Amino acid sequence: MLIQQKHPLTAQQKQTAVIAAYAATGDIPALHDALQQALDAGLTISDCREILVQLYAYAGFPRSLNALAELMKVIDARREQGIKDAEGRAPGPLPKPEEMLAAGTQNQTTLAGSPVKGALFDFAPAIDHYLKVHLFGDIFSRDNLDWKSRELATVAALAAMTGVESQLKAHLGISKNVGLTDAQLAELIPLFESRGENSTAQRLQGALDAVRDR
């Protein structure tokens with residue numbers, strides 16, 4: 001386990017989850033408002049962009065591209081209003097292409113807590129390769145967004161979608177491996193309820209109950 005977070009979720013962490021959830025479901029009007037709130041809460045342009053780029057690995061390119069287009073509109077409108085949002089930082093150097101498989105395998109093992117194996121990956125080794133090289137190698141090596149934020153975005157996106165309960169439970173486990181607690185993850189439930197996203201809150205509650213204290 002990486003360093004455990006001692007304090008409740010920050011406003012920025014909560015907004016990370018909210019924008020990921022709305023982007024995953026393609027609710028562009030709600031995403032528009034959430035992006036405004038995220039930038040007001042202190043997320044940088046780089047933070048928001050990185051969350052929406054990562055989203056494609058879980059919700060697909062169309063959702064990610066549409067969300068990024070909306071972020072561009074929000075930024076342009078805020079600039080016209082004289083609002084100067086912090087750009088944030090770009091990712092540092094990435095592993096070389098020939099090093100990406102090893103880097104991704106190490107990242108995946110650290111995040112999951114042990115090497116990831118199984119019949120599914122034996123049956124479809126290409127998907128195992130893509131997960132290791134691209135998702136865990138390329139995306140999770142981009143250090144302009146920390147792993148806690150990446151997992152909060154992933155958990156929120158999966159909770160917002162239907163039919164991905166297995167993956168949601170897996171990423172709740174990963175979230176705890178990177179230093180988030182059950183109590184901190186549970187903070188997302190009233191957050192979504194307060195926004196009228198009761199189905200998202202219920203899916204998250206059910207998954208948390210299933211993995212709690214594992």
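Biologist: How do the residues lining the largest cavity divide into nonpolar, polar and charged?
Modeller: In this predicted model, the lining has six nonpolar residues, two polar ones and no charged ones.

Biologist: Which residues are they?
Modeller: The lining consists of Ala 20, Ile 51, Gln 54, Leu 55, Tyr 58, Ala 153, Thr 154 and Ala 157.

Biologist: Which elements give two or more residues to that lining?
Modeller: Helix H3, spanning 45-54, and helix H9, spanning 147-160.

Biologist: And which gives the most?
Modeller: H9 does, with three residues.

Biologist: What volume does the largest cavity have?
Modeller: About 30 Å³.

Biologist: How many cavities of 30 Å³ or more does the structure hold?
Modeller: One.

Biologist: Changing topic, to Lys 148. Where is Lys 148 found?
Modeller: Lys 148 sits in helix H9, the helix that gives three residues to the cavity lining.

Biologist: Is Lys 148 buried or exposed?
Modeller: Buried. Its relative accessibility is 18%, and the cut-off for buried is under 20%, so Lys 148 falls in that class.

Biologist: What is Lys 148 in contact with, leaving aside neighbours within four places in sequence?
Modeller: Ile 3, Gln 5 and Gln 13, and also Val 178, Gly 179 and Leu 180.

Biologist: What about Lys 176: what separation do its C-alpha atom and that of Lys 148 have?
Modeller: The two C-alpha atoms are separated by 9.0 Å, with Lys 148 and Lys 176 lying 28 residues apart along the chain.

Terms used. Residues are numbered from 1 along each chain as its sequence is written. This is a predicted model: local features need pLDDT of at least 70, side-chain atom pairs count only at pLDDT 80 or more; totals for chains, interfaces and linings use all residues. Side-chain values use heavy atoms; hydrogens and water are left out. On a 1 Å grid over the protein atoms alone, a cavity is a set of points where a 1.4 Å probe fits but cannot get out, and a pocket is an open set with protein on both sides within 12 Å along at least five of seven lines; lining residues have an atom within 4 Å of a point. Grid points are joined across faces, edges and corners, and a volume is the space filled by probe spheres set on the points. Helices (H or I, at least four residues) and strands (E, at least two) are DSSP runs, numbered from the N terminus. Ala, Val, Leu, Ile, Met, Phe, Trp, Tyr, Cys and Pro count as nonpolar, Asp, Glu, Lys and Arg as charged, and the others, Gly among them, as polar. Buried means under 20% relative accessible area, exposed over 50%, partly exposed in between (1.4 Å probe, protein chains only). Contact means heavy atoms within 4.5 Å.
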